[in-house]
Amino acid sequence: MRKLFAGVGAILLATVAAVFAFGPSAQAASGFTVSGGKLYDANGNEFIMRGVNHAHTWYTHQTSSFANIKALGANTVRVVLSSGDRWTRNSADDVRNVIELCKANRLICVLEVHDTTGYGEQSGAVSLDRAVDYWLSIASALNGQERFVIVNIGNEPYGNQNYSSWATDTSNAIRRLRNAGLTHTIMVDGPNWGQDWSFTMRDNAPTVFNADPARNIVFSIHMYGVFDTAAEISDYLGRFRSRQLPIVVGEFGHYHSDGDPDEDAILSYTQANGIGWLGWSWSGNGGGVEYLDMATNFNPNQLTSWGQRLFNGTNGIRQTSRQASVYDSLPPPTSPPPTTTPPPTSPPPTSPPPSSPPPSAGCTATYAISNQWQGGFQGDVRVTAGASAINGWTVRWTYANGQSVTQSWNATVSTSGSTVTARNVDYNGRLGAGASTSFGFIGGWAGTNSVPTVTCTAS
């Protein structure tokens with residue numbers, strides 16, 4: 001039981017040191033606050049998170065991800081950190097660098113300890129109390145950053161067993177952080193691997209909120225297979241709204257091994273009701289959930305169908321994200337501005353007419369099976385424009401082995417017998433020459449799941 005016998009003396013020394021480390025500068029700083037169920041930045045302006053999760057602790061070299069996530073329109077990034085109990089510990093210096101990367105790219109930083117994931121069920125997972133030890137040990141990186149940083153105590157701090165103490169343990173963790181002088185807004189995750197199907201967080205949220213003398217708590221629900229209908233989504237989030245308790249969707253995806261969340265309902269309800277969200281996740285997923293990557297190999301120019309949906313789709317990041325106002329008064333980034341080309345002193349020559357007709361607007365498509373299980377599979381199709389820009393596309397294929405498409409995203413899909421037709425939706429039809437987009441679907445199969453030949457027609 002390493003989590004219990006880490007050395008009482010060492011823990012006491014760390015706690016005492018953190019009290020002095022947090023105290024003066026943190027108490028004097030002004031940061032995020034909550035009121036009436038809403039989150040406000042240090043300027044007193046409402047802030048609604050629109051961002052993604054980034055698995056920093058496993059990919060510490062992927063520092064360009066912060067700029068890439070910002071360039072796609074996000075205003076927040078939730079950063080995975082490790083206390084060192086299950087993965088390599090992120091030091092105070094590393095956390096300090098993460099915060100600077102967030103600030104340089106005008107992102108709000110939500111920092112979370114991942115080692116608590118599935119505590120009580122997952123072997124090696126640690127308690128919220130242990131997560132607090134970590135936060136106190138890196139106090140020097142957090143001091144004075146209250147305007148830019150929200151502290152998410154621990155990721156999914158209980159599995160589906162032994163979660164009855166969630167409210168008590170979460171309240172105690174909040175009190176420890178406050179007694180040590182931390183004044184940041186604190187985010188808390190629900191139990192049951194974050195999905196709170198037992199309604200433990202929902203029903204005990206007022207008690208936990210009132211355990212904080214600062215009343216500066218945001219609750220975070222993770223929406224995967226448990227939240228597969230619009231009714232479940234609106235009921236859960238609506239109960240927090242009716243009690244004026246701040247809630248965000250700290251993680252969600254378009255599909256998961258435990259079921260198929262209704263991401264469209266999540267996006268539409270949160271937009272209509274001013275609720276923040278953070279999609280999972282930028283890149284680097286493994287263990288069978290690689291389909292949750294938004295960017296292939298961390299490349300922002302190779303968004304997956306999930307990435308396209310979240311960044312560019314209806315109620316997505318580009319449509320709804322607004323930068324935190326605390327960045328409005330800061331000086332511009334130190335990187336040099338792009339050079340501009342001076343206007344020519346004489347009109348440029350016109351191009352001569354081509355001696356042969358230009359290549360017609362066309363497109364190609366590639367079909368891939370990204371995940372497969374008994375009786376079902378996930379497919380991804382990438383559409384690429386040819387030598388000329390296109391205004392729309394239609395992809396077709398015919399199954400040879402009785403497969404079927406049961407649901408899709410980022411395309412309008414219809415079937416006639418064994419032939420499947422997929423057409424662009426309003427936000428991904430126009431492609432520049434050589435540009436690509438993608439869409440995905442869930443299908444069924446039995447016996448053989450061969451890859452069909454696909455055709456693409458541009459308009």
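# Core, bridges and rings in a predicted model

Me: Which residues touch the most other members of the largest nonpolar core?
Reply: Leu111, Trp135, Ile153, Phe219, Leu237 and Trp282 do, in a core of 100 residues. A nonpolar core is a set of buried Ala, Val, Leu, Ile, Met, Phe, Trp, Tyr and Cys residues joined through side-chain atoms within 4.5 Å. Buried means under 20% relative accessible area, exposed means over 50%, and partly exposed is in between (1.4 Å probe, protein chains only).

Me: Which residues does the second core include?
Reply: Val381, Ala385, Ile390 and Val405 are among its 22 residues. That core is separate.

Me: New topic. How many salt bridges does the structure hold?
Reply: It holds 14. A salt bridge is a side-chain nitrogen of Lys or Arg within 4 Å of a carboxyl oxygen of Asp or Glu.

Me: What does Arg78 form a salt bridge with?
Reply: Glu112 is one partner, with the closest N and O atoms 3.8 Å apart. Arg78 is in strand β4 (residues 76-81) and Glu112 in strand β5 (residues 108-113), 34 residues apart. Helices (H or I, at least four residues) and strands (E, at least two) are DSSP runs, numbered from the N terminus. Asp189 also meets Arg78 in a salt bridge, at 3.3 Å, N to O. Asp189 lies in strand β7 (residues 186-189), so this pair ties together parts that are 111 residues apart in sequence.

Me: Are those side chains buried or exposed?
Reply: Arg78 and Glu112 are both buried. Arg78 has a relative accessible area of 0%. Asp189 is buried too, at 2%.

Me: Where do Asp85 and Arg130 lie?
Reply: Asp85 lies in the loop between β4 and α3 (92-104), and Arg130 in helix α4 (residues 128-137). Their side chains meet in a salt bridge, 3.1 Å from N to O. Asp85 counts as buried at 11%, while Arg130 counts as partly exposed at 22%. Salt bridges that share partners join Asp85, Asp129, Arg130, Asp133 and Arg176 into one network.

Me: How many disulfides are there?
Reply: A search of the whole structure finds two. Here a disulfide is a pair of cysteine sulfur atoms within 2.5 Å. One joins Cys102 to Cys109, with S to S at 2.2 Å. The torsion about its S-S bond is about 55 degrees, so the disulfide of Cys102 and Cys109 is right-handed.

Me: And which residue is joined to Cys363?
Reply: Cys456, with 2.0 Å from S to S. That link is left-handed, with -100 degrees about the S-S bond. Cys363 lies in strand β11 (residues 363-373) and Cys456 in strand β18 (residues 454-458), so the pair ties together parts that are 93 residues apart in sequence.

Me: Rings now. How many aromatic pairs are found?
Reply: There are 23. Rings of Phe, Tyr and Trp (its six-membered ring) pair if their centres lie within 6.5 Å; planes under 30 degrees apart count as stacked, over 60 as edge-to-face and the rest as tilted. Trp58 and Trp87 form an edge-to-face pair, 5.3 Å centre to centre with 85 degrees between the planes.

Me: Why is the pair of Phe219 and Phe240 tilted?
Reply: Because their planes are at 55 degrees, with ring centres 5.7 Å apart. Phe219 is in strand β8 (residues 217-223) and Phe240 in helix α8 (residues 230-242). Both Phe219 and Phe240 are buried.

Me: What lies over the face of Phe240?
Reply: Arg243 does, at 5.4 Å from the ring centre. A charge sits over a ring if NZ of Lys or CZ of Arg is within 6 Å of the ring centre and within 35 degrees of the ring normal.

Methods
Residues are numbered from 1 along each chain as its sequence is written. This is a predicted model: local features need pLDDT of at least 70, side-chain atom pairs count only at pLDDT 80 or more; totals for chains, interfaces and linings use all residues. Side-chain values use heavy atoms; hydrogens and water are left out.
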